Amino acid sequence: MSTPPAEIKPTEGSESGLSDAELTSAAPEVLANSLREYLEASWRRIKGGESGALPVLVGLIAIGLFFQLENSEFLSDGNLVTLLGEAAIYIVIGAAETFVLLLSEIDLSLGYGVGVGGFAIAELIAPPVNLPWWLGVIGGVVAMGCFGLIQGTLITQLGLPSFVVTLGGQLALLGIMLELANVDPTAVGGVIQIDPNSPIYKLGSDSMSPSLGWIVLAVCIALFAAVTLNRNRSRRSRGLHTEPIGVSMLTILGVTVAGVVLMYICNANRSHFAVIHGMPWVIPFVLIIILAYSWLLSHTRTGRYVYAVGNNPEAARRAGIKVKWIVTLGFIMSSATAALAGVVYISQQGSVSTDIDGGGLVLYAVAAAVVGGTALFGGRGRMVNALLGGFVISVVYNGLAIMGVQPAVQDISTAVVLIAAVSLDAVVRRRAIVR
Amino acid sequence: MSTTESTNGALLSLRGITKRFGPVQALSDVTFDVPAGQVTALIGDNGAGKSSLIKTIAGLWSPDAGQMLWDGKPVRHTGPREAEAIGIKTIYQDLALCDNLDIVQNMFLGHERLRSRLLDEDTMEMAARQTLKELSVTTVRSIRQPVASLSGGQRQSVAVAKALINEAKLVIMDEPTAALGVAQTRMVLDLIKTLSGRGVAVLVISHNLNDIFEVADRIAVLYLGHLAVSGAASDFNRQSAVEYMTTGNATPAGAA
C-alpha cells in the first residue's frame, strides 16, 4: 500500500489535511475551532468506534424507558433516589476494579474485601475498641490496603497471574471475615450491628437538608465553572489550542442542568407517611471518591503511569517507570477501595453480616467498570465509567424487582443484560481496532 | 583503514568491548568511535552483533571486557537509567510508545514536568510543540492525538522528539526505516539529518544500504561479533560495504 499524500503534505488529501484515522481518533476539542466543528468531530469519533460513554448512556435510557413503560413507579422521585443509593456500592467497587483493569490485571478478591473492610470498621468503632468513626474507616482502609500490598507483591515479584492470586485472595478474605466474626463476642450469629448514632450509620440512612443541598450544589457548579473557564483562559493566553468557548459553556450548562435535576429529585418528598427528602449522604460520598480518583489518574504522575503500564509495560519500563510498583499500587488501591465500599455496605445495611455475597459483588465490580466502558485488556477507561456502569446494574436489578420478577429470574436477566452490554461494547470497539 | 582511532572529538569511544553468553561470543574486541554531530551507521549481517552492541551501549547489560569512554571519560553503566542519565537515548524497532497516550504524554513519559507536584500539561505541551517544530515535524495536526492514530514515520518522529526533549547527546536508532513507505522513509532520513545537524551524535542500525549511504557520515561494519572495519562513509561504496558485511573483508579495489 502506498503512502497517502496527506502524509507529507497536510494540505492535500482530505479537506482538513488529516487522514481518516487521525480524524476519528483525535479528541474533538483539538480539531475544532467552533461549536459546530466540535459536534461534527464528536460525531465522526462515534461513527469510528471511539464512542466513549455513549453506548452505556443510550443503553441506560433504553432500559429506563422499558422499565418505565412496564411500571410507572420506576421513574418516580422515590424510586430514583432508591436507585442512586443501590448504585453506590456497585460504583465504589467498580472504581476499585478500574484501578487494576487499567493495568491489564484483574482483582477477584474485592467482594470479600468489602466484607472484611466492613467487619474491620464495624469492630473498630464498636465496643470494646470504641474508636471514633473516622479512625475506624482509616483502620479498615489501611488493613485492606495491606492485603492489597501482599497480593500485588506476589503478582509482581513472582510474576503470577493476577486472577489466580486474587482468586486465592478471595478465599483468604472469606476466611479472615469469618474469623473476625468469630473472635468478636458481640457478633451474634455472624452479625455486628452499627450504632444508629454513628455517622457511618447516618451515611446510609440520613439525607442532607434540602436547603443545604441547594447551597452545596451552587458552590460545586460555581467551582466547576471557575475551574473550566480559568483553565481555558490560561491555555488561550499561552497560545495553546483551546476548546471553543461554546463547548465550555455547553459543558457548564449540562453539569448545571444535571445537578439541578438530581437535587430536585432528591429534595422531593419520597415518603407517603412522613416527610423524607434531601440528598442521601451516600451520594456525595460516592461522588467525592469518583472525583478524587479521576483527579489522581489525570493530574498526577502515578495516574499517568497507570495508563502507560496498562497499555505497554515494556515502553513504561524503558521510560524508567517502576512498573512493578505501579502494578502493586493498583492492587493496594483496589483493596483499599473495597474497604470504602465496605463503609457504604455497612452504612446502608445498618449492620455487617458474614452472609455478604462476596462472589456476586466481585462480578458487579468487573461489570460496573466494563459496562461503563473500561477495557478488560488495560490502558483504557476512566473512573466515570464505573459511575455509569454501577448505575446500569442498579437500574436493571431495581427495574426487574419493581416488575415483580422472581429473584432467580432477576439474576439470570441481569447476567444477560450485563453480557449483552459488554458484547455491544466489544463489537463497537472492534470497529475502532479493525479500521 | 585501521580499526583503532583516536578519541579526539568522539562523544563515545568503545575500546575492546567483549561480551559472551555462555559459549557464544557475541562481541569480541569491538573498538570504534561515535562522534557528536555526525551520523554513524552500524551495519552487519544478521547475528553480526549489532543488537548486542547497542544493548551494551544502552546499558541493558555490561560488557565482560573492554571500556567505554564518554566525552573522554571512562563510564560503566549498570542499567539503562544510567545510560539515559548521561544522554544516551535508544529508539528501538518497536518504538516503545504507548498507543493510548497522546504525543505530548509519550514525549514526556517518565520525565513529566510538574508544578506543585502535579502534571504541568501546558508547559509540557508548549515544549513538545517547540521540539517538533525544531525537528521540522509538521505533518501531525494536533499533538494531543493518541499515537495509535499516527503513521509509522510520524511515530518515529515522536520517538526522536522524545529523545531530543530529554536532552539526548547520543541517539541510537534501531532499523528506523524498516517497514516504512517511500515518503515516510524520506521523512525519517530528513529527521536523522536534522538531528545530527543539531550536534547530536546519531548511531543508526540499518539493513538498507540506500538509506545508509544517504545519511551516514561514518560507517562501522560488524562481522561475526568483531569490528570488520570503520571509517568515513566516503571510503565505502555499496560493493565494499556488502563484502565487509558478508565476508569481513573487502577486495582492495572496494576498500579504497
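Trainee: Which residues of helix H8 (residues 238-247) of chain B are called buried?

Mentor: The buried residues of H8(B) are Ser240(B), Ala241(B) and Tyr244(B). Viewed down the axis of H8(B), they fall within an arc of 105°, so they line one face of the helix; the arc is that of the directions from the helix axis to the C-beta atoms. A residue is buried if 20 or more other C-beta atoms lie within 10 Å of its own, exposed if 12 or fewer, and partly exposed in between, with C-beta atoms placed from the backbone. This is a predicted model, in which local features need pLDDT of at least 70, side-chain atom pairs count only at pLDDT 80 or more, and totals for chains, interfaces and linings use all residues. Residues are numbered from 1 along each chain as its sequence is written, while chains are lettered from A and ligands numbered from 1 in the order in which they are written.

Trainee: Which exposed residues lie on the face of H8(B) turned away from its buried side?

Mentor: That face carries Arg238(B), Gln239(B) and Thr247(B). Just after H8(B) comes Gly248(B), with a positive phi of about 85°.

Trainee: What makes S6 and S12 of chain B edge strands?

Mentor: Six strands of chain B form an open sheet of mixed pairing in the order S6-S9-S10-S3-S11-S12. S6 (88-91) and S12 (226-232) are its edges, as each pairs on one side only. Neighbouring strands of this sheet are turned by 15° against each other on average, direction ignored. Two strands pair if DSSP finds at least two bridges between them.

Trainee: How do you know that S9(B) and S10(B) pair?

Mentor: Five bridges join S9 (residues 170-174) to S10 (residues 201-205) of chain B, and the two run parallel. The criterion asks for at least two bridges, so S9(B) and S10(B) are a pair. In S10(B), Ala201(B) is the bridge partner of Leu170(B). H8(B) packs on the sheet, touching S3 (39-44), S11 (218-223) and S12 of chain B, and its direction makes about 30° with that of S11(B). Axes are lines fitted to C-alpha atoms, for helices over the stretch in contact, and angles run from 0 to 180 degrees between N-to-C directions; residues are in contact if their C-beta atoms, placed from the backbone, lie within 7 Å.

Trainee: With which strands does S1(B) pair?

Mentor: S1 (residues 10-21) and S2 (residues 24-35) of chain B are antiparallel over eight bridges, with Leu12(B) opposite Val34(B). S1(B) also pairs with S4 (residues 65-70) of chain B, antiparallel over five bridges, where Leu14(B) stands opposite Met68(B). Two residues lie between the strands in the hairpin of S1(B) and S2(B), and Gly22(B) there takes a positive phi near 60°.

Trainee: Why is Asp29(B) called partly exposed, and Asn130(A) exposed?

Mentor: Asp29(B) has 16 C-beta neighbours inside 10 Å, so it falls in the intermediate class. Asn130(A) has 10, and therefore counts as exposed. Asp29(B), in strand S2 of chain B, has a positive phi near 55°. Asn130(A), in the loop between H6 and H7 of chain A, likewise has a positive phi near 55°. Most residues other than glycine have a negative phi, and most peptide bonds are trans.

Technical notes. Helices (H or I, at least four residues) and strands (E, at least two) are DSSP runs, numbered from the N terminus. Two residues are in contact if their C-beta atoms, placed from the backbone, lie within 7 Å.
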